[in-house]
Protein chains: 2
Amino acid sequence: MPIHKEKPVLDCPFRETLDVLEGKWKFAIIHSLLHHGTLRFKNLERDVAGITSRMLIKELKLLQVHGIVLRRPYPTVPPTVEYSLTECGRSLEPVIEAIQAWGVQNRAALAAKIN
Amino acid sequence: MPIHKEKPVLDCPFRETLDVLEGKWKFAIIHSLLHHGTLRFKNLERDVAGITSRMLIKELKLLQVHGIVLRRPYPTVPPTVEYSLTECGRSLEPVIEAIQAWGVQNRAALAAKIN
DNA sequence: TACATTGGTGTAACTACTTGCAAAAGTATA
DNA sequence: TATACTTTTGCAAGTAGTTACACCAATGTA
């Protein structure tokens with residue numbers, strides 16, 4: 001039986017936010033949904049360069065649980081599932097914009113240092 | 001011989017930024033340095049709740065390489081090493097502030113969903 | 001004398017993340 | 001008939017991230 005490892009209670013809004021947005025893909029997914037509004041699963045997968053369906057599904061589920069992403073399935077064949085941001089998710093726009101702005105401003109510096 | 005796995009070239013300022021800030025601790029470290037200005041290693045370790053010296057060192061090294069963090073050692077005993085943000089690092093303030101603001105605004109909602 | 005202090009490093013272990021591959025179902029197209 | 005399409009899951013395997021623990025040096029304090 002695995003030991004239950006509970007997260008230390010931090011009581012810090014900043015760290016709690018990071019816990020929700022943690023991982024390699026969440027910011028990129030939100031960025032894409034913010035830009036496109038609504039996307040079908042496959043289109044989202046194509047838009048988030050490098051992600052696998054496995055990971056995308058997993059991340060989307062977490063984001064749903066946290067009330068950031070909305071999932072709308074339709075009973076078609078083949079299946080159609082649309083993903084979009086909730087009101088709460090859209091309120092992350094300033095965060096995404098700030099990262100984007102920093103990236104654009106420091107693009108040259110970054111390019112020189114990443115290898 | 002391990003296969004050399006190169007990062008796919010993305011040519012996207014947003015994703016490049018995420019690559020630099022990736023991981024569990026970088027935002028928290030930057031947040032702390034932004035708030036305190038300059039901190040000795042041990043004080044920084046105490047301020048970033050939950051981090052180990054091992055991880056802190058590793059992350060600080062990466063942040064130095066990317067020109068975000070500045071390291072200033074003094075020849076004392078026991079050693080004194082001060083860490084602070086560079087100009088470039090300080091320009092991440094809008095990002096940190098946006099995350100902080102979102103966290104404060106969504107605190108109640110987060111608390112209800114994280115377990 | 002015994003112990004605490006600081007900024008790290010090394011080793012070994014462990015957990016978490018991430019990937020690739022195959023598969024399902026019902027319709028549409030070649 | 002064969003193959004593609006979409007969304008999602010399961011399994012196995014691999015890689016990356018993270019931790020714990022001990023240790024160093026030289027000084028200050030009890």
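A salt bridge is taken here as a side-chain nitrogen of Lys or Arg within 4 Å of a carboxyl oxygen of Asp or Glu. Arg72(A) forms such a bridge with Glu82(A), and the closest N and O atoms of the two are 3.5 Å apart. Arg72(A) lies in strand S2 (residues 69-74) of chain A and Glu82(A) in strand S3 of chain A, so the pair ties together parts that are 10 residues apart in sequence. Helices (H or I, at least four residues) and strands (E, at least two) are DSSP runs, numbered from the N terminus. Over all chains, the count comes to 10 salt bridges.

The model is predicted: local features need pLDDT of at least 70, side-chain atom pairs count only at pLDDT 80 or more, and totals for chains, interfaces and linings use all residues. Residues are numbered from 1 along each chain as its sequence is written, chains are lettered from A and ligands numbered from 1 in the order in which they are written, and side-chain values use heavy atoms, with hydrogens and water left out.

Between the two protein chains, 39 residues of chain A are in contact (heavy atoms within 4.5 Å) with 39 residues of chain B. The size of an interface is often given as the accessible area lost when the parts come together. Buried area is the accessible area (1.4 Å probe) that two parts lose on being put together, summed over both. For chain A and chain B this area is about 3600 Å², with 71% of it on carbon and sulfur atoms. Two salt bridges are counted between chain A and chain B. Arg107(B) forms a salt bridge with Asp11(A), with 2.9 Å between the closest N and O atoms. Eight residue pairs, both at pLDDT 80 or more, are in polar contact between chain A and chain B. A polar contact is a pair of N or O atoms within 3.5 Å; within protein, one must be able to donate a hydrogen and the other to accept it, and residues adjacent in sequence count only if both atoms are side-chain atoms.

On the side of chain A that touches chain B, two or more residues each come from helix H1 (13-21), helix H2 (26-36), helix H6 (93-105) and helix H7 (107-113) of chain A. H6(A) gives the most, with nine residues. The residues of this side divide into 24 nonpolar, eight polar and seven charged. In this division Ala, Val, Leu, Ile, Met, Phe, Trp, Tyr, Cys and Pro count as nonpolar, Asp, Glu, Lys and Arg as charged, and the others, Gly among them, as polar.

Three aromatic pairs are found over all chains. Rings of Phe, Tyr and Trp (its six-membered ring) pair if their centres lie within 6.5 Å; planes under 30 degrees apart count as stacked, over 60 as edge-to-face and the rest as tilted. The rings of Phe27(A) and Phe27(B) have centres 6.1 Å apart and planes at 35°, so this pair is tilted. The pair crosses between chains, from helix H2 of chain A to helix H2 (residues 26-36) of chain B.

Of the 19 residues around DNA strand D, Lys42(A), Lys61(A), Arg71(A), Tyr83(A) and Lys24(B) come nearest. Sugar and phosphate account for 66% of the atoms of DNA strand D that come within 4 Å of the protein. H4(A) gives the most to the surface near DNA strand D, with four residues. The residues of that surface divide into eight nonpolar, two polar and nine charged.

Around DNA strand C there are 19 residues, of which Lys58(A), Lys42(B), Ile57(B), Arg71(B) and Tyr83(B) come nearest. Sugar and phosphate account for 70% of the atoms of DNA strand C that come within 4 Å of the protein. A side-chain N or O atom of Tyr83(B) lies 2.7 Å from a phosphate oxygen of DNA strand C, and a polar side-chain atom of Arg54(B) lies 3.2 Å from a base oxygen.

A cis peptide bond joins Val77(A) and Pro78(A), with omega about -5°. Pro78(A) is found in the loop between S2 and S3 of chain A.

Conventions
Near = heavy atom within 4 Å.
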